[in-house]
Each structure stands twice: as structure tokens, then as C-alpha cells.
Amino acid sequence: MTRTTSWLSLLVTLSIPLVRPVVVEASELKWDTDQVPIKGKFDETACPDYASYATYPHRPYSEGPLSLPFQRPHVRCRTFQSDAIEKVIKDVTSRMKNPDLARLFENTFPSTTDTTVKFHTNGMDGKEKRRTTTGTDSPVDDDPWTSTYEEPGKWEGPQSFIITGDILAEWLRDSTNQLKPYQKLASKDKAIFDLILGAINTQSEYVIESPYCNAFQPPPHSGLPVSLNGQDDTVHPAFDPSFVFECKYELDSLAHFLALTNAFYAHAKSTAFLNARWYKALDSVFDVLEAQSKSTFDPETGSYRRNQYTFQRRTDTGTETLNLGGIGNPLNNGTGLIRSAFRPSDDATIFGFFIPANAQMATELKRTAAWLRTTGNKKDVARAETAEAWSKTITEGIWEHGVVHHRKYGEVFAYEVDGYGSALMMDDANYPSLLALPLMGFVSVDDTTYQNTRKMLLEKNSNPYYLEGRQFRGIGGPHIGLQNAWPMSLLVQAQTSNDDDEIMKCLNLVLGTSKLGLIHESIDVNWSHSYTRSWFAWANGVFADTILDIAKRKPHLIFKDATPYEP
């Protein structure tokens, strides 16, 4: 879903003179360390709506030529506090050559924790779900959600509800990527450990209940309101709108659930998430893979067989629904690939074998299998074997059906295929993408097929969604339209490049079009003041992740010295 700037707010923003006041270094600001103020000391309702707050610049401004504003909310209005995050901000910004780039990192790195942790409990702070001791306990009269807790372990322990920004709903993909810059801190800060553990537990509940859905409502015990998406959808399997915000089946959503878990295990070296609920969520993933690996026509009889997932939306936008009665175009048998009805942009696929999501799923299944074998649980070995088998099958399917010959670039990865020989040659800015294949670990950045693909994607004559204009350029996609490129694509381009000049060009383009000190969803390539979404935490996280990547690989590009940095 997309929020565009209103002309009124845009004109007001542009009319505010960027007069630089007395400069105060971020490191000199005095931060309160209490995450929750003492009751009665501060009224949280006094905090401004960040969706509006983010559309205006706030002092102090950076010392660079762009005079970028300080866009973090007041410390008492932040949704989560971590000393480790504050330390990374200080460590990085104090070494940066460009004060504007430093300000952009200062705003974006904590964007998720500052603004999008709408509910969090560590399981012992009084906000956790009330435990029922037996299955015969009678419901509490004033608790309308008691009936949803009958299943043992449901919603128990740490829980974290992470919204994408200006929409009160959690996308599995967005929240995983928003938390990615903090994964390395999980072993250093118990607060971050509990936050990410809670996010895994919350996503487990979502995947168990509605594995075909992409965006979800707040946990029932959070006290947060349920919001409707305003659409008229007919979906099978049916879902509960008080639990699900939107139910577009996107294979990468399930891959991101695994990615969140795998990254936490890799950095925190913890299996605290391993419980009956997580195992049940993993089984749900396996069930979806089995159902969505089936072809449109029975290979033995040739008869049509209806897919388990169908989606129809009453709309005049073709990318918002599936054709052929909610099924989508036919897919062939024996490819080894998994169908995805929608892309990570929430747009419908044309050919249902979406290669980037298949690549991500294959990679995350392989990672999951690797650590499952180390738990000492015999059942985990069986689960690992299942994950490995799926990973191998999907990987082989990608190389057999997802690689095609391009007349100019040779062997390249297709964006989507159908197993009949049809292939869609393009890329979209949203992750997972073809451009990001090395970032997800499917291939190395030096892989010949990837390098051929990368050249194809970054040229207007071979990628229909590579957009160039007077003020901006990059990969866009059909979600916004043919005039807007996404800064996210430039950040992925920088992370997949070893060329200093290319990296800095990408960074400077993003920096120069982030006048409000935050990363937008998309930008008009001919007029950079026209953009979508002032508050888009996922994009902010990708920028922060890019800076940390450069700080490690090529510190001389952004730091005053050439010493690599890792949190």
C-alpha cells in the first residue's frame, strides 16, 4: 500500500527556510535511559503522530550543504530504547566525513525502534498474555480474546509487533528487514535480544494461523485497534480480518520468517525461539511449499486442478488481483519451483514462478537445515532433511528453468517463468529482487550469470523498470508507476558493487533526494520533491544496512580513516 505526499504538505515543507541554528552534535544530546517514563510523569498522548511529524523538517540541522533535519522523535516518544543502538549511532557518525550522510544515518538507523515497535513484551513485564492453566478454564468475562488462547502456548512469551511505518499493520517481509540492522546487537543487548525473539514468536503465530497472508493485525492482547484495508477481497483459504490485514500470498513472506529466525540464531547463538509454536509454523511453511509446487493441470490426467490459494479483488488496477477467477496464469509440472501469487511489492505475478522469492526460500531453507542438525533433537534432523530436500529441489529448478539466454548479455536470470518456456525479463526494486541475489546468499557477486543479469537490469533498454530522469534514476516497478524509481534499488546496487565510483554515485543520489532526512519509498525521476511516503521504516533500514556494509567493506569511502567498522 502506498502513501503519497499531499501538495499542501509539500508546499509547506518547501516553504520552510532551512536556517541553521546553533549546531548541537548528536553525541552531546542528553538521552533519557528509561524506556518507559514513570507513570504520571509524561503523557504519551502528547507525542505527535509520526506520519505527520516526518513530513516536516526539525532542528538541529546538519552542518553539511544539505542542512538535513533531525527527524528522531523526542526520547519519551520513541517506541523502544536500546543503549547498543545509541552506541552504534555515535560510533559511526563520529567517524563520517560527510555531516549530511552522518545525519541521514543518525535518523534512519534507529527508525524502526524509534517509531514502529507498536507493541512489545519481554514476557515478564505485565504486558504478556495471561496464561490459562487448563483447557477447561472458563473464559474471563471481560476478555473478548480469551477464546483465542485455548491452544497451548499461543501468544505466550516475548512478543513484538513491528509496523511498516504509516500503516498500523505488520508485513512479515518488512518487519524482518526492518530488524535486520539490529541482529548483530542481539548478543550484546538483552533488550534487542528480547525484541527480535518477540518478533520471531509473533511471526510464528501469524504463519500458523494464516500462512498465505502477508500483513497482519496487532496481537489480540496488545490493546491496539484493528484496522481495515478498505478492499473488497475474495480469498481462499478464508481468513479472519480481525487477525489479518491483507492476504496476498507472497512466497517471500514465508522466506522472511525463516530469514528472521536464521539471522537471530547466527548472531545471538540462541534457540530460545524453539518451542511448539515455532515448529508448528515451520510445518505450515512445508505445507505451503507442497501445495504451491503443484502444476495447474494434473500431469497424469491433464485435467485442471484448482489451486488451494485463490485471490480476487474488486479493483480496476490489474496488478492488484489475479486473473482467471483468482488463479493466475497456468504453471507447468515438474519444474521444482514454488508458485508465488504476488511479488514483494504486493503486485500480482504474471508468471507464478517468481525467481527471486524461490532463490530466497532455497537459501533460507538451507540455513535452517544447517542449524537444526545441531540441536541434538532427532526430530530436528528429520525437519532438516525436509528443508534440505526442498532447498535442493528449488535450487535445481531455478538453474534449469529460471536461467534464459539473452541476445545481448548471454545467460541471465529471468524475473518470472511459467515452466512452459515463457519468461519475464525485468526487475523490481523491492526485495527479494534479481539484483539482490548475492545479498540473500543465493550466488556470489562474482557469479557469471549474476553479473550478466546485473548488467541487463541496470540498463534502460533491457529492464523496462529501470527509470532515468533529470534528477534521479534507479529501478522502480509497477506498484507506483512509470515515473518513480525507488531509493532502495540504488542501495541494493551499492551493496552488490565493488566499484568505489559506482557505490558513491548511488549513495549521493539517495542522499541528495532525502531532503527530509529520511528515505522515501519512491521518487519522481524528473522532480525529486515529488515522492511517496515520508515514513517508510523498511527503506530507512536498508539505508542503514548499506552504510554498515560500506563501513565494513570500504570504510575509506565514508570515514575519515580507513579502519573497517562492525557493530
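Trainee: How far apart are the sulfur atoms of Cys213 and Cys247?

Mentor: A disulfide is a covalent bond between the sulfur atoms of two cysteines. The working cut-off is a pair of cysteine sulfur atoms within 2.5 Å. Cys213 and Cys247 form such a bond, with their sulfur atoms 2.0 Å apart. This is a predicted model, where local features need pLDDT of at least 70, side-chain atom pairs count only at pLDDT 80 or more, and totals for chains, interfaces and linings use all residues. Residues are numbered from 1 along each chain as its sequence is written, and side-chain values use heavy atoms, with hydrogens and water left out.

Trainee: Which parts does the pair Cys213 and Cys247 tie together?

Mentor: Helices (H or I, at least four residues) and strands (E, at least two) are DSSP runs, numbered from the N terminus. Cys213 sits in the loop between α7 (190–209) and β4 (215–216), and Cys247 in the loop between β6 (244–246) and α8 (251–268), so the pair joins parts that are 34 residues apart in sequence.

Trainee: Is Cys213 buried or exposed?

Mentor: Buried means under 20% relative accessible area, exposed over 50%, partly exposed in between (1.4 Å probe, protein chains only). Cys213 is buried at 2%, and Cys247 is buried at 1%.

Trainee: How many disulfides are there by this rule?

Mentor: The count is 2. Cys47 and Cys77 also form a disulfide, with sulfur atoms 2.0 Å apart.

Trainee: Why is the disulfide of Cys47 and Cys77 left-handed?

Mentor: The torsion about its S-S bond is about -90 degrees, so the disulfide of Cys47 and Cys77 is left-handed. The link of Cys213 and Cys247 is left-handed with -75 degrees.
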